[in-house]
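This report describes one protein for a reader who has the sequence and the three-dimensional structure at hand. Please keep both in view while reading.

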Amino acid sequence: LTQGRIFDALDPAVLRIPRPLGYLADLKLLLTEFLEGHLLADELYRGDTVRSAQRMGAALAAFHHSGVICAKRWTIARELSNAVRTCEESMLEPGRARAIELEIRRAAATVPVVAEVPVHRDYYLDQLFDCDQQTALFDLDDARQGEAALDLGNFLAHLTLRPLQFPEVTSACAAARAPFLASYCSAASPIPGLMARTCIYEATSLLRLAGVYAGRPRWADSIPVTLMDRCESVLSREDS
């Protein structure tokens, strides 16, 4: 199993994942060890922002550079198609969503694809726990081989999302962005073009999240359109 190979490849001092214990094929159920801890995001929100963001960046670098090769691949085309489908299913401004899709495709075509690594595909603050001072990452079901920029962009998109849901975390999320990226880049081998591709994936994640939250009554009236605005802002930044 992929998760078993990743477990064996990681240095637990930098990043832990639950040890796989068995797989029930009939139920398609993976059994893992139980890891006790608390959300690392809670520390980030409560004031230990820089150190927590640095841990999150270092953990992602360790995951990406584990050397594991996943059997399945994930591409920007599939990620974007997923985002657009989510918007269509929620009936979120279909004309605008299609226009953003075309702009993302145009931007993606002008920036070379970066080297592929194992990617989590849902890397954001709530997937990371502090387990007795060790950083632990959960929910690896969707791990694929893909561009490192995918996980970076998704994480940054969630730093935009959370303050729209919970205004009290606005300053923490804004302050987390730079140390997260700096920690990742200092711990990872240089990948040419990574930040340009990260902007593209960040925009794609924002578009997908707009569609997701359009289907959630608590947030549907306020968050989706703002996320689309932020998506267009990211694309404008990538063009400049």
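## Terms and model

A residue counts as buried when its relative accessible area is under 20%, as exposed when that area is over 50%, and as partly exposed in between. The structure discussed here is a predicted model.

## Overall form

The protein contains nine helices and seven strands. Its radius of gyration is 18 Å, close to the 18 Å that the globule rule gives for 240 residues, so the protein is as compact as a globular protein of that length. Along the principal axes, its C-alpha atoms fill a box of roughly 45 × 40 × 40 Å.

Of the 240 residues, 50% count as buried. The protein exposes about 11100 Å², and carbon and sulfur atoms supply 54% of that area. Among the contacts with a separation of 6 or more, 77% come from residues 24 or more positions apart.

## Aromatic pairs

Two aromatic rings are treated as a pair if their centres lie within 6.5 Å. By this rule, the protein has four aromatic pairs.

Another pair consists of Phe155 and Phe180: the ring centres are 3.9 Å apart and the planes are at 15°, so the pair is stacked. Phe155 belongs to helix H6 (residues 148-165) and Phe180 to helix H7 (residues 170-187), so this pair ties together parts that are 25 residues apart in sequence. Both Phe155 and Phe180 are buried. Ring pairs also bring Tyr123 into a cluster with Phe155 and Phe180.

## Charges over rings

Which residue lies over the face of Trp74? That residue is Arg121, at 3.6 Å from the ring centre. In a second case, the charged end of Arg216 sits over the ring of Tyr213, at 4.6 Å from its centre.

Helix H8 (residues 194-214) has 21 residues, which should span 30 Å at 1.5 Å a residue; the end C-alpha atoms are 30 Å apart, so the two values agree. Helix H8 is mostly covered, as 17 of its 21 residues are buried.

Arg208 lies in helix H8. With a relative accessibility of 12%, Arg208 counts as buried. Leaving aside neighbours within four places in sequence, Arg208 is in contact with Glu79, Asn82, Ala83, Thr86 and Asn154. Glu79, in turn, is found in helix H4, and its relative accessibility of 4% makes it buried. Not counting residues up to four places away in sequence, Glu79 touches Trp74, Leu150, Tyr201, Thr204, Ser205 and Arg208.

## Loop residues

Most residues other than glycine have a negative phi. Asp132, however, has a positive phi, near 55°. This residue is placed in the loop between strand E5 (128-131) and strand E6 (134-137). Is Asp132 buried or exposed? Its relative accessibility is 71%, so Asp132 counts as exposed. Asp139 likewise has a positive phi, near 60°, and is found in the loop between E6 and strand E7 (144-147). The relative accessible area of Asp139 is 37%, so Asp139 is partly exposed.

Ile69 is located in the loop between helix H3 (49-64) and helix H4 (76-89). With a relative accessible area of 60%, Ile69 is exposed. Not counting residues up to four places away in sequence, Ile69 touches Arg5 and Gln145. Ile69 and Asp48 are 21 residues apart along the chain, and their C-alpha atoms are separated by 34 Å.

Definitions and conventions:
Residues numbered from 1 in each chain as written. Predicted model: local features only at pLDDT ≥ 70, side-chain atom pairs only at ≥ 80, totals over all residues. Heavy atoms only, no water. Phe/Tyr/Trp six-rings, centres within 6.5 Å; stacked < 30°, edge-to-face > 60°. Helix = DSSP H or I, 4+ residues; strand = E, 2+ residues; numbered from the N terminus. Buried < 20%, exposed > 50% of the residue type's maximum accessible area, 1.4 Å probe, protein only. Lys NZ or Arg CZ within 6 Å of the ring centre and 35° of its normal. Rg over C-alpha atoms; globule rule 2.2 N^0.38 Å. Contact = heavy atoms within 4.5 Å. Areas by Shrake-Rupley, 256 points an atom, 1.4 Å probe, with all protein chains shown as cover. Expected span 1.5 Å × (residues − 1).
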